[in-house]
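Trainee: Please bring up the model. I would like to go through its domains, a helix pair and some strands.

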Amino acid sequence: MNLSKRWLGEFVQVEDTDRNFAEALTLSGSKVESYEHEGAVLENIVVGHVEEIERHPDSDHLWVCKIDDGSGDIIQIITGAQNVSKGDYVPVARHKSVIASGDKITAGKLRGLESRGMLCSLGELGLSAHDFPYAIEDGIFILGDDCDKTIGMDIRESIGLNDTIVEFEITSNRPDCLSIIGLARETAATYNLPLNLHTPEVKPGIEDVNDYLKVDIECKDKCYRYCGAVVKNVRVAPSPRWMRERLRAEGVRPINNIVDITNYVMLEYGQPMHAFDLRYLNGNHVIVRNAKDGETITTLDGEERTLTNEMMVIADEKAPVAVAGVMGGEFSGIMDDTDTIVFESACFNGVSVRRAAKALGMRTEASARFEKQLNPDDCDVCLNRALELIQMLDAGDVVNGMVDNYATPKEPVVLPFMPEWTNKFIGIDVPADEQAEILRKIGFTVENDKITAPAFRIDIEHQADISEEIARFYGYNNIPTRELAGVAKATLTERQRFNKLLEKTSMGCGLSEIQTFSFISPKSYDKIRLPENSTLRNCVTIMNPLGEDTSVMRTTAIPSMLEVLGRNYARKNDKAALYELATVYLSNGKDELPDENQSLVLGMYGKNYTYYSLKGIVEKILSVCGIEDYNVEPKKDASAFHPGRTGEFIVDGKQIAICGEIHPAVLENYGIGARAYVAVIDVEYLFEKANLVRIYKALPKFPATTRDLAFVANIDMPVLKLEKAISDVSGKFLENIELFDIFTGAQIGENKKSVAFNLRFRSAERTLTDDEVNSAVKKAIKAAEELGAVLRG
Amino acid sequence: MRQQLEEIRKNAEAALKATNSLEELDAARVKYLGKKGELTAVLKQMGGLSAEERPIIGQVANDVREYIQNELDERISELKAAQQEAKLLTETIDVTLPGEPCEVGNRHPLSIVLDEVKEIFQGMGFDIISGPEVELDYYNFEALNIPKDHPARDTQDTFYITDNILLRTQTSPCQIRAMEERKPPLRVISPGRVYRSDAVDATHSPLFHQIEGLVVDEGITMSDLKGTLDTLAKKLYGPETKTRFRPHHFPFTEPSCEVDVSCFKCGGVGCSMCKGEGWVEILGAGMVHPKVLKNGGIDPEKYSGFAFGLGLERLVMFRFGLDDMRMLYENDVRFLEQF
């Protein structure tokens, strides 16, 4: 909402700098977004008088003007405009001036003659013919009698281009502030100044409105009040300057006196007005009713609209003439030959207008106001204001009276006056009489321990609302601050601590954290080659996504990771090692909320990384979580992964993690030209299985005995299998078994490999004997042989 | 003999000084102090001395031995030090060569600031809770006093899953869930992802993070709200930071406010960051609306509370001087490595 300070001045005289005004209103609850001065760009443009004008000797279209610009000298200016005459008063951009476009004007020569500036058109002042309808746009703006013709006067002052416009952000609970009067009321209360409201007075007119207009409201639940008045012998003409410049300051283009009056009243009171031609009202009868399903109307914008019975229309005896509160019909406008008009000032149910505007896809200035729920009490006042302006502008002959159908009168909101409650709730100590005074300043009545809210305050319904009014005029910043009393103990939950541990470990392993969108493209599932029948394709789908790329909630965070790896690869970053503690959303059926589970996704590419780099990190994470008892099995059918380079970590028969190289086809889909490795850890299961309890084990007192054993095994024998077989039989003294060498080659034999382990034996009580160790080693060798692995000589 | 001994002392002293290696030194030691050395040779003649002279000369001889031994030890340590010095010089390396890279990952800037905010609130006794991102319309809107067709729904363009299920547009639904699950006194914050149908640009994203806060107890007032948020601002931006509370409107709080902090770049005099205002908006807050308390199963006659919501991305952008929010979700490693 824009506020013209000039217009505001009609209701409250506030003297303060613009900056202070903005701050004061902001702190009392009407947030100022910005303020600007009209014509602020213009510099050194003044009123000049054309003393003489003659043709340029070397041009057939240029004119040489002698201008009195009030500087004491008569200056020479060349113009190409053809509408300047001797004796005209014109805007003169002097040497070193700035016009609306921001261009600087300096003296120069035109066809050999000096020109000490420029005469300006409307456009060069930032205006159009809407602002000065008597002027032409493709010529010099010849000042009319509505301008101050003092020679040398700043042009902005002369033509009234000197208002200050303050832009407010009005919250949805305060539609009353979408008006000059509403903001004037807030201003007066903020500055403790009198508010000079004016009661419109309509002078006696002609005839009787009841002979021209009849109003029936069929849907009283949606149309609370409808006031109509009639103006005959309409004289369509431009509005006077004061009205035009106020509309302009509000960002509304002046059209003609009738249209301008409807806009003027809307801005002044916040009440949308509608004017339509009585000729097109069949039977002179306004019927406010629900539309019939499928009924059509062509609206002012020329579009044919099909209506439903949930929409309300203003109809005559035959057809709708307007969609109530939204837009008029095509014949309802003011035309050149319009003679008699009806002014409508009505109040509709906000929700109903909102639904209709939304369904029809046409939100208008009127609907935006109506939908916030306006106040029915002022419909008649606003209508009188329009009629008063008609008489003031001599724009027609007002027909006596008004048709006022107040179908559903609004009950005033009455609340008990509880100053103590407010003091306690806010934490202040404001005496009752001061609280009452604050409320009265903004239109409340306080009497006999009862507060009556003014009708325009549709937002007041509870004592807390009253407290807010007190608090904001008392000043939020005057409320004392207090530390929260009482000791409260905050602790992290076990899960929160666990997540912290996972993230710390991931970073410690060299992975950087990433954050990616939770929604992905459904095509991602194809990109990671997810089988058609995979349950992961059953995802939570957004009905109204921004685009396909962000249209489903991810059931796996692998695509997010691959996208990031791909982006880094495309940007020529030579390596990336990343993790995301990602939420995935697993559908529980259309009408249920999904499970939101966490998975830890690790991803990397780069010269020195292999499958084992990533596997080492997964092992570290499992170890940090106290999970030692797991199996790793080759996973050949995970579609996003390389069939020969992917392992599945199994705990108690269930996958806890998968770790592998990404399938080349998937790499290609993500534009990754290097081998990339991804692991996904099921955090929910990991948390279930984790054991973070640590118990101290005494450091060994007795020496260890070690043995190195090298076996020749089949090339496809999983080392882990061999290792487990050995450690299973090696007895209680086996402290550790570790792979230390693996190789293939001719000396080993075709399809064979050499696998060497280091076994460390130790007793906590004594030094082991060779016999004890030898017997364990014997068993180990036997177990290996059972798997087809032979001890190397 | 006395003279002889003095002679040996002098000669030995000179000889030791002249040595340049441990080998030479050892030879000198043998020469003077060895079993067949000069001192021993002199001492062997002691037998020819009188009983009176013997202890005196014996004393002198011991002094000379001790003297030479001391000189010898001193010279040994001098030579050892010189030798080590020479060896160290040969071991000189180029200390300006780069160190071996130490591969530790980086925390995402969003998490860095979130961790900080969490710590501040934990210090004030707030538990951290979370709620679903795919949420019921009831929790996201209805229970927060935003019925269907409420104009406030316009400002939060919502992604819908079904007519009743949506992606939460704010973390405020956690208020209701917290009230349902816990009993007062209640102090919680609930950070998390929220979703609004805004196209991506430098300052908008369809997905961003909020941190919701809720306090409910007997006798909670707006003073408590102000005190808590003032503490937050000072802990985030330093003890000199001032706060400014502006009236605002949220359907689920009454009174409501927006909170500005004195611009942390210019200190409040006005700069490009604060658009010349000296203040930067960081959060919205208010006293929990009695209807909302009731919806959460809490008796508004007995209890009152306040709630607030912070936008995490904004804080992160301020903290790191980041001017484009998209960087946060692109995860370029050159970006991540900066934090």
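Mentor: A definition to begin with: two strands pair if DSSP finds at least two bridges between them. Strands (E, at least two residues) and helices (H or I, at least four) are DSSP runs, numbered from the N terminus. This is a predicted model: local features need pLDDT of at least 70, side-chain atom pairs count only at pLDDT 80 or more, and totals for chains, interfaces and linings use all residues. Residues are numbered from 1 along each chain as its sequence is written, with chains lettered from A and ligands numbered from 1 in the order written.

Trainee: What stands opposite A:Val712 in S40(A)?

Mentor: S37(A) also runs antiparallel to strand S40 (residues 790-791) of chain A, joined by 2 bridges. There, A:Val712 faces A:Val790.

Trainee: At what angle do helices H13 and H16 of chain A pack?

Mentor: H13 spans residues 494-508 and H16 spans 611-624. Axes are lines fitted to C-alpha atoms over the stretch in contact, and angles run from 0 to 180 degrees between N-to-C directions. The axes lie 10 Å apart, and the angle is about 145°.

Trainee: How far apart are the C-alpha centres of domain 1 and domain 2 of chain B?

Mentor: Domain bounds come from an automatic or database assignment. In chain B, domain 1 is 2-90 and domain 2 is 109-336. Their C-alpha centres are separated by 87 Å.
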